[in-house]
Amino acid sequence: MVTLELDRVEARYGRKIIYTDATTPAISGGHLTALIGPNAAGKSTLFRRIAGQLAGSGQVRITGADRDDLRYMPQDTAISAALSVYEAVILALKQGRSGWRLSAGELAAVDAILTRLKITALAERQLAELSGGQRQLISIAQTLVSRPRLVLMDEPTSALDLYRQYEVLELLRSYAAETGAVVVLALHDLNQVMRSCTTTIAVAEGRVVAVGPTLEVLSPALIRRLYAIESRVETCSRGCPMMIVDGALEQGT
Ligand SMILES: Nc1ncnc2c1ncn2[C@@H]1O[C@H](COP(=O)(O)OP(=O)(O)OP(=O)(O)O)[C@@H](O)[C@H]1O
């Protein structure tokens, strides 16, 4: 079982401190975890700190996996290299591995992730020719092709149409279940969070303000505090919880 735990983690850009004391219980793998919070709350910063791209005190504890097993997909995944889709996914697989010769298993891994994402038809296309949504799917393929056991994805569905959003979240959910990986997704769509993510971490103003089962974390009180939005959770006719937005609070209330 893979777990990820933060213990009084600090994160900063030079002298600008974003987190002083981010702490979570051990987040277990096998299901999806959401990272939520308003714009500029510090979601990407926390990912960068966990991925080792930012300095700071405190401890990021990973059990059941190595740091090499971690893949971070940033929000801005502009890929400009003159490569085909197939080459770009191979390149991602080869990162950190010695030699350029591909084993039969590695070729199968590239084919498998393109098939799972239903993008085999794009394999020979140049990255520069792709649409924004297609590029996001390639980034997801690059992130998952090495079957990492710790995955951090910053808004992985932001450029996708409704069908692809659904498909990608289902794929990520089954990936986590199959591999036991800790998969943390920064998401703004709280209905996606309720549908797909078992655990939710909420951050605001450089603090972890709640961690726990998604439906407990996404209370109207927390939504009000994070977003200044009045909301309620109702059960739809098929038994699924849905968040309904009733309105925004007046400034200063
Ligand atoms: N490279 C940087 N140098 C200095 N400050 C930064 C840098 N990147 C981000 N910040 C600041 O860190 C804070 C948190 O930003 P971050 O990108 O982590 O927020 P976020 O929650 O991911 O936001 P969003 O939902 O808008 O993507 C913001 O105040 C931002 O201005």
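**A sheet and its surroundings**

Tutor: In this predicted model, strand S1, made up of residues 3-7, pairs with S6 in the antiparallel sense over 5 bridges. Within S6, the residue that stands opposite Asp7 is Gln59. The pairing belongs to an open sheet of 3 strands, in the order S4-S1-S6, with antiparallel pairing. Its edge strands are S4 (27-28) and S6 (59-63), each of which pairs on one side only. In general, the strands of a sheet pair through backbone hydrogen bonds, which may be parallel or antiparallel in arrangement.

We turn next to the ligand. The residues around it are Tyr13, Lys16, Ile18, Gly37, Asn39, Ala40, Ala41, Gly42, Lys43, Ser44, Thr45 and Gln75. Strand S3 (16-22) and helix H1 (43-50) each supply at least two residues of this shell, and H1 gives the most, with 3 residues.

Another helix deserves attention. Helix H4 covers residues 132-144, and its 13 residues should span 18 Å at 1.5 Å a residue; the end C-alpha atoms are 19 Å apart, which agrees. Its buried residues are Gln136, Leu137, Ile138, Ser139, Ile140, Ala141, Gln142, Thr143 and Leu144. These buried residues pack against strand S7 (70-73), helix H2 (85-94), helix H3 (104-116), S8 and H5.

Between S8 (150-154) and H5 (162-179) runs a loop, and Leu160 lies in it. Leu160 counts as partly exposed because 19 other C-beta atoms lie within 10 Å, whereas a buried residue would need 20 or more. Apart from its neighbours within four places in sequence, Leu160 is in contact with Gly133, Gln136, Gln165 and Val168. Gln136 is also listed among the buried residues of H4. The C-alpha atoms of Leu160 and Ala121, 39 residues apart along the chain, are separated by 17 Å.

Finally, consider the chain as a whole. There are 8 helices and 13 strands. Along its principal axes, the C-alpha trace spans about 60 × 45 × 35 Å. A compact globule of 253 residues would have a radius of gyration near 18 Å, and the chain has 19 Å, which agrees. Of the 253 residues, 34% count as buried. Among contacts with a separation of 6 or more, 66% are between residues 24 or more positions apart.

Definitions and conventions
Residues numbered from 1 in each chain as written. Predicted model: local features only at pLDDT ≥ 70, side-chain atom pairs only at ≥ 80, totals over all residues. Helix = DSSP H or I, 4+ residues; strand = E, 2+ residues; numbered from the N terminus. Buried ≥ 20, exposed ≤ 12 C-beta atoms within 10 Å, placed from the backbone. Contact = placed C-beta atoms within 7 Å. Expected span 1.5 Å × (residues − 1). Near = placed C-beta within 6 Å. Pairing = 2+ DSSP bridges. Rg over C-alpha atoms; globule rule 2.2 N^0.38 Å.
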